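Hi,

Here is the structure I promised to pass on. Have a look at it first, and then read my notes below.

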Amino acid sequence: MLSGLTIVVQSNVDPADLGTASSNVTFFRQIGGSVALAIAGTLYSDAFTGHLREGLHQAQAAGTASALPWLSVIGAGATFLAVLFLPAPRRDPADSTSASASLSSLV
């Protein structure tokens, strides 16, 4: 999913801004991963300690069952919002013949 988001962002910016767009995607991916890890760790440890008296395996299962659905919902929502607020494509699809011609001349 993350590679697809990078491709979507890169296809919606001018070629001169590809480096900036790629670095912004990587930066926000790192920030999102840190926040998600903090949320998941909090949810997991809360459920884990609450079920520890039932046994280690039951506590691990409860922690995973508590953290995973929330992370899935938050990740899907964040991805939807990121794609929703992307700017309109800057490239004209009708110019695809000229772009492929210039690429073939490089080869």
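Keep in mind that this is a predicted model. I'll start with Ala88, which sits in the loop between α3 and α4 (96–106). Its relative accessibility is 57%, so Ala88 counts as exposed, the cut-off for that being over 50%. Ala88 and Asn12 are 76 residues apart in sequence, yet their C-alpha atoms are 6.7 Å apart in space.

Next, the inside. Which residues make up the largest nonpolar core? There are 5 of them: Leu5, Val9, Val13, Ala21 and Val25. The elements giving two or more residues to this core are α1 (2–11) and α2 (18–50). If you skip the neighbours within four places in sequence, Val25 is in contact with Thr6 and with Val9, and Val9 is itself one of the core residues.

Then there's the outside. A nonpolar patch on the surface is formed by Phe27, Phe28, Ile31, Val35, Ile39, Trp70 and Ile74, and together they have about 690 Å² of accessible area. Both α2 and α3 (56–84) supply at least two residues each, with the largest share, 5 residues, coming from α2.

Is Ile31 buried, partly exposed or exposed? Its relative accessibility is 42%, so Ile31 counts as partly exposed; that class runs between the 20% and 50% cut-offs.

Cheers

Note on methods:
Residues are numbered from 1 along each chain as its sequence is written. This is a predicted model: local features need pLDDT of at least 70, side-chain atom pairs count only at pLDDT 80 or more; totals for chains, interfaces and linings use all residues. Side-chain values use heavy atoms; hydrogens and water are left out. A nonpolar core is a set of buried Ala, Val, Leu, Ile, Met, Phe, Trp, Tyr and Cys residues joined through side-chain atoms within 4.5 Å. Buried means under 20% relative accessible area, exposed over 50%, partly exposed in between (1.4 Å probe, protein chains only). Helices (H or I, at least four residues) and strands (E, at least two) are DSSP runs, numbered from the N terminus. Contact means heavy atoms within 4.5 Å. Patches are made of residues with over 30% relative accessible area and no salt bridge: like charges are joined within 9 Å, nonpolar side chains (Val, Leu, Ile, Met, Phe, Trp, Tyr) within 5 Å. Accessible areas come from the Shrake-Rupley method with a 1.4 Å probe; for residues, only the protein chains shown count as cover. A salt bridge is a side-chain nitrogen of Lys or Arg within 4 Å of a carboxyl oxygen of Asp or Glu.
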